[in-house]
Amino acid sequence: MNPFTKLQNLNKNLGELSFPDLASKTHYTTSNSDTTSHLDKEKGDQIVVARPELDASSLQTGSLSTVIFVLDRDLGAGKTPEKEKEQYDRLLDKSAHIFKAIKDLTDSGCNAYSGLTLSKYSVTPETSMFGGWIGWSIELTFE
């Protein structure tokens with residue numbers, strides 16, 4: 001499968017991701033400023049899926065990268081170490097659920113993800129993302 005076809009498939013599939021069992025709203029985005037504007041109107045946990053990237057290296061290696069953010073508003077003045085730990089723990093549980101769902105789809109050879117293998121990933125805590133949202137980023141590379 002050529003890289004552009006992989007990009008089209010991954011772009012389509014990521015745009016259709018939803019996790020109703022996580023009680024979170026999913027946003028599909030390209031721009032930080034647009035995301036910040038959309039999130040400004042939201043409450044509760046949010047999932048932000050960045051459109052995947054294709055670059056010169058991707059054309060040679062066939063790899064595509066994207067990032068998924070699992071976020072909640074910063075606790076602000078009400079922050080205590082206990083509340084912050086609970087918030088990060090809750091969001092990490094959601095991140096694990098999302099990662100497992102994507103890994104299961106690629107490992108099973110699901111038609112929607114056929115031709116894509118999850119080759120590299122990292123999960124990183126985030127603070128002050130998108131105008132005061134905190135949580136986790138899941139960086140994914142597909143071959």
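**Close-up views of a predicted chain**

Figure 1. The side chain of Asp 72 forms a salt bridge with Arg 90, and the closest N and O atoms of the two residues are 2.7 Å apart. Since Arg 90 belongs to helix H4 (residues 81–107) while Asp 72 belongs to strand E3 (residues 64–73), the pair ties together parts that are 18 residues apart in sequence. Arg 90, with a relative accessible area of 25%, is partly exposed. Both residues also take part in a network of salt bridges, in which Asp 45, Asp 72, Glu 86, Arg 90 and Lys 94 are linked.

**Figure 2. The salt bridge between Lys 25 and Glu 42.** In this view the side chains of Lys 25 and Glu 42 meet in a salt bridge, with a distance of 2.9 Å from N to O. Lys 25 lies in strand E1 (residues 25–29), whereas Glu 42 lies in the loop between helix H2 (32–40) and strand E2 (46–50), so the pair ties together parts that are 17 residues apart in sequence. The two partners can be described by their accessibility as well: Lys 25 counts as partly exposed at 42% relative accessibility, while Glu 42 is buried, with a relative accessible area of 17%.

Figure 3. The side chains of Asp 107 and Lys 103 meet in a salt bridge of 3.0 Å, taken from N to O. Both residues lie in helix H4, where they are four residues apart, or about one turn of the helix. Asp 107 counts as exposed, because its relative accessibility is 53%, and Lys 103 counts as partly exposed at 29%. A search of the whole structure finds 11 salt bridges, and the pair of Asp 107 and Lys 103 is a salt bridge of this kind.

**Figure 4. A nonpolar patch on the surface.** Leu 92, Tyr 121 and Val 123 form a nonpolar patch on the surface, and together these residues have about 260 Å² of accessible area. Val 123 is found in strand E4, which covers residues 118–129, and it counts as partly exposed at 39% relative accessibility.

**Figure 5. The whole chain, as a setting for the close-up views.** The secondary structure comes to four helices and five strands, which follow the pattern α-β-α-β-α-β-α-β-β when read along the sequence. The C-alpha atoms fill a box of roughly 50 × 30 × 25 Å, taken along the principal axes. The radius of gyration of the chain is 16 Å, which agrees with the value near 15 Å that a compact globule of 143 residues would have. Buried residues make up 40% of the 143 residues, and among contacts between residues at least 6 apart in sequence, 61% join residues at least 24 apart. The chain averages a pLDDT of 86, and 93% of the residues score at least 70. Where pLDDT is low, the predicted coordinates should not be read in detail.

Technical notes
Residues numbered from 1 in each chain as written. Predicted model: local features only at pLDDT ≥ 70, side-chain atom pairs only at ≥ 80, totals over all residues. Heavy atoms only, no water. Patch = residues over 30% accessible without salt bridge, like charges linked within 9 Å, V, L, I, M, F, W, Y side chains within 5 Å. Areas by Shrake-Rupley, 256 points an atom, 1.4 Å probe, with all protein chains shown as cover. Salt bridge = Lys/Arg side-chain N within 4 Å of Asp/Glu carboxyl O. Helix = DSSP H or I, 4+ residues; strand = E, 2+ residues; numbered from the N terminus. Buried < 20%, exposed > 50% of the residue type's maximum accessible area, 1.4 Å probe, protein only. pLDDT = per-residue confidence, 0-100. Rg over C-alpha atoms; globule rule 2.2 N^0.38 Å. Contact = heavy atoms within 4.5 Å.
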